[in-house]
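Please look through the sequence and the model below before reading on.

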Amino acid sequence: MDTKELTKKYIMNTYGRFDLTLVKGEDCFLYDENGKKYLDFASGIAVNNLGYGNKAVEDAVISQVKKLIHTSNYFYTEPQAKLAEKLCVNSFADKVFFCNSGAESVEGAIKLARIYAGKFSKRGYKVIAMQNSFHGRTFGALSATGQDKYHSGFEPLLNGFEHVKFNDLESIEKLIKGENGKDYCAVILEPVQGEGGVNISDKEYLKALRNLTAQNDISLIFDEVQAGLGRTGKLFAYMHYGVEPDIMTLAKPLAGGLPIGAVLANEKTAKAFEPGNHATTFGGGPLVTAAAAAFFDEITKEGFLDEVVNTGEYVNEALNGLKSKFSGLIKDVRSIGLISAIEFYSIKSKDIAVKLIDEGFLTTTVQDTVLRLTPPLIIKKNHVDLLMDAIVKILEGYK
Ligand SMILES: Cc1ncc(COP(=O)(O)O)c(C=O)c1O
């Protein structure tokens with residue numbers, strides 16, 4: 001049996017896969033089993049921010065594999081400590097908890113907010129989350145996720161999550177200042193909603209939300225699993241806004257493609273966790289943290305993020321050009337740094353993604369009619385031109 005047949009026979013049927021088997025990656029390109037080359041605007045769902053074959057990450061992995069892959073958190077290991085230092089020195093955070101995925105980082109963030117509330121702020125256990133959000137598939141993260149399609153079939157979800165409109169302060173104020181306002185211990189949101197369709201929060205909204213949560217000692221959690229670590233052109237998305245959260249979640253690109261998650265928090269909040277409160281066997285293991293330190297050094301090199309901003313602006317201009325040219329087909333384009341969306345009126349984004357595969361480009365779809373572009377952050381302007389030409393060619397067929 002070939003790979004596709006084996007997959008269909010032995011792997012649970014939870015993914016709608018494209019009809020493509022990938023075998024190799026190099027720079028911003030992927031290759032299928034027949035040697036066909038694809039320009040990558042997906043990055044393994046916003047993970048491969050340095051593309052494929054980054055030398056620093058590869059060297060760090062190879063060197064650490066030979067020394068120590070795993071030992072557990074009963075012991076100290078240097079790569080974990082050094083990565084935590086890098087993350088804290090370069091962000092609002094004072095402390096980190098390492099885990100293995102985005103969903104787990106959200107679980108950790110919610111647990112931290114709840115234990116902080118129980119010990120210090122004396123508030124209730126409820127969490128305000130956003131409609132259209134995505135936080136992962138485990139029960140806590142799924143309950144925080146504000147999209148019914150992910151809940152269906154798994155109810156009842158966890159108690160205590162209230163979903164409000166994104167970018168709408170009033171609906172949060174109403175809950176917090178309402179009769180049962182003391183029930184709420186946290187607000188969780190993605191400063192840039194990824195899976196929701198690349199929806200970008202307003203500056204004034206986040207500022208006012210920060211004030212409101214600080215005044216009431218409610219933990220503000222930013223989920224930067226997708227938008228953090230250079231994706232938006234700043235090291236962290238919150239840096240566009242001049243506000244700092246109490247807790248932030250990271251995952252996807254952090255270890256250069258290896259599985260990792262992290263919960264970052266300020267001292268005030270982090271001190272609520274004590275030994276025994278939270279744990280994971282693999283979290284922050286030496287292999288992934290060594291890879292992550294190398295990844296982090298690459299994206300914090302002088303000029304790296306300036307280049308992301310520069311290419312991001314180029315993508316933004318190109319997308320706006322596309323929208324003017326196909327105003328009858330494209331409803332909206334949204335973009336910040338190198339995460340962008342093309343929203344069609346009625347064309348199914350999946351159809352465009354499949355046609356783009358034929359043309360040699362990989363993209364992802366986030367909603368029925370929204371195509372998302374999350375290329376490696378090392379993508380060049382000529383790569384962007386190639387994609388735009390292919391999209392134009394495809395959309396001409398819909399006119
Ligand atoms: C903002 C956000 N949070 C959490 C997650 C869940 O991450 P994971 O799939 O690693 O569990 C995702 C995944 O897409 C995400 O985009």
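## Local backbone features

Helices (H or I, at least four residues) and strands (E, at least two) are DSSP runs, numbered from the N terminus. Helix 2 covers residues 43–46, and isoleucine 45 lies in this helix. The phi of isoleucine 45 is near 60°, which is a positive value in a residue other than glycine. A cis peptide bond, with omega about 0°, joins glutamate 155 and proline 156, and proline 156 is found in the loop between helix 7 (148–151) and strand 6 (161–164). As background, most residues other than glycine have a negative phi, and most peptide bonds are trans.

This is a predicted model, in which local features need pLDDT of at least 70 and side-chain atom pairs count only at pLDDT 80 or more, while totals for chains, interfaces and linings use all residues. Residues are numbered from 1 along each chain as its sequence is written, and side-chain values use heavy atoms, with hydrogens and water left out.

The protein is divided into domain 1 (3–53 + 302–396) and domain 2 (55–299), with bounds that come from an automatic or database domain assignment. Taken over C-alpha atoms, the centres of domain 1 and domain 2 are separated by 26 Å. In domain 1, 27 residues are in contact with 30 residues of domain 2, where contact means heavy atoms within 4.5 Å.

Between them, domain 1 and domain 2 bury about 2,300 Å², 59% of it on carbon and sulfur atoms; buried area is the accessible area (1.4 Å probe) that two parts lose on being put together, summed over both. The count between domain 1 and domain 2 is 1 salt bridge, a term for a side-chain nitrogen of Lys or Arg within 4 Å of a carboxyl oxygen of Asp or Glu. Arginine 372 forms a salt bridge with glutamate 195, and their closest N and O atoms are 2.5 Å apart.

On a 1 Å grid over the protein atoms alone, a cavity is a set of points where a 1.4 Å probe fits but cannot get out, whereas a pocket is an open set with protein on both sides within 12 Å along at least five of seven lines; lining residues have an atom within 4 Å of a point. Grid points are joined across faces, edges and corners, and a volume is the space filled by probe spheres set on the points.

The second largest pocket holds about 1,000 Å³ of space and is lined by 30 residues, with Asn73, Gln80, Val96, Phe97 and His278 nearest its centre. The largest share of this pocket's lining, 5 residues, comes from helix 4. The largest cavity has a volume of about 60 Å³, and among its 13 lining residues Ser72, Asn73, Gly284, Gly285 and Pro286 lie nearest its centre.
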